[in-house]
Amino acid sequence: MLNGNWEEAKSNIINLRADEPQIFEIFQNWLYGVNLELDSDQIKDISLLLNLWIFGDKIQVPEFQNAAIEGLRYATTEPPRHFRLKDIETAFENTGEGSPIRKLIVDLYVWEGPVRGQMKRFLEEGYPRAFIAQVFEGYVDAFPRPTWQTVKNKRPYGANAVPYYIRFPSTLDGPDGAMETTET
């Protein structure tokens, strides 16, 4: 960050956003201890952990990003597992295409499986288009369209629809409700 064409390289000053002092303090503690020292609320705070990852990306410290990923792994083991809209917007605004954090977010949604009306909700609530496209692609990869052969072999009624007929009890029916036939 302090080299190349970045503004910070020219000024030798890194300006932190208003919400980054806490993140920088966690980074500083990590730097000296090589562990994320988070309290019981922080370790479950998906937004905080996401911002730690983004900060590590910004300052190009992959070991710190990996520590944040480990925190996210823990934080997403219990509901709510998902990143909120605000978090998804933050991730997609502050990371590049192909970013591991984007992949993690998308994979968590795909892993939960398609939810009826989910894509419509994503569109209505203004989720980032890139996120929606990646989730859709993930569903296509995870749940591939069956071929005609697999569909034909898995039709619910097989060769005929008799198993779905409604049976009327009658005196001609046997004890199991099936119609008895007599040989002639």
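Helices (H or I, at least four residues) and strands (E, at least two) are taken as DSSP runs and numbered from the N terminus. On this basis the chain contains nine helices and zero strands, and its elements follow the order α-α-α-α-α-α-α-α-α from the N terminus on. The structure is a predicted model, in which local features need pLDDT of at least 70 and side-chain atom pairs count only at pLDDT 80 or more, while totals for chains, interfaces and linings use all residues. Residues are numbered from 1 along each chain as its sequence is written, and side-chain values use heavy atoms, with hydrogens and water left out.

Of the 184 residues in the chain, 32% are buried, where buried means under 20% relative accessible area, exposed over 50% and partly exposed in between (1.4 Å probe, protein chains only). Contact denotes heavy atoms within 4.5 Å. Among contacts between residues at least 6 apart in sequence, 58% join residues at least 24 apart.

A nonpolar core is defined as a set of buried Ala, Val, Leu, Ile, Met, Phe, Trp, Tyr and Cys residues joined through side-chain atoms within 4.5 Å. The largest such core comprises 37 residues, and Leu-36, Leu-52 and Phe-131 have the most contacts inside it. At least two residues of this core come from each of α2 (20-33), α3, α4 (62-75), α5, α6 (100-112) and α8 (129-142); α3 gives the most, with eight residues. When residues up to four places away in sequence are not counted, Leu-36 touches Ile-26, Trp-30, Leu-49, Leu-52, Phe-64, Ala-67 and Ala-68.

The axes of helix α3 (residues 46-58) and helix α5 (residues 85-94) come within 10 Å and cross at roughly 5°. Axes are lines fitted to C-alpha atoms, for helices over the stretch in contact, with angles from 0 to 180 degrees between N-to-C directions. The two helices, α3 and α5, are therefore roughly parallel to each other (angles under 35 degrees). Ile-46, Ser-47, Leu-50, Asn-51, Ile-54 and Asp-57 of α3 make the contact with Lys-86, Asp-87, Thr-90, Ala-91 and Asn-94 of α5.

Gln-118 belongs to helix α7 (residues 118-124) and is buried, with a relative accessible area of 7%. Excluding residues up to four places away in sequence, Gln-118 touches Tyr-109, Gly-113 and Tyr-139. The side chains of Gln-118 and Tyr-139 are joined by a polar contact of 2.3 Å, a term for a pair of N or O atoms within 3.5 Å; within protein, one must be able to donate a hydrogen and the other to accept it, and residues adjacent in sequence count only if both atoms are side-chain atoms.

Technical notes: Angles under 35 degrees count as roughly parallel, over 145 as roughly antiparallel, 65 to 115 as roughly perpendicular and the rest as oblique.
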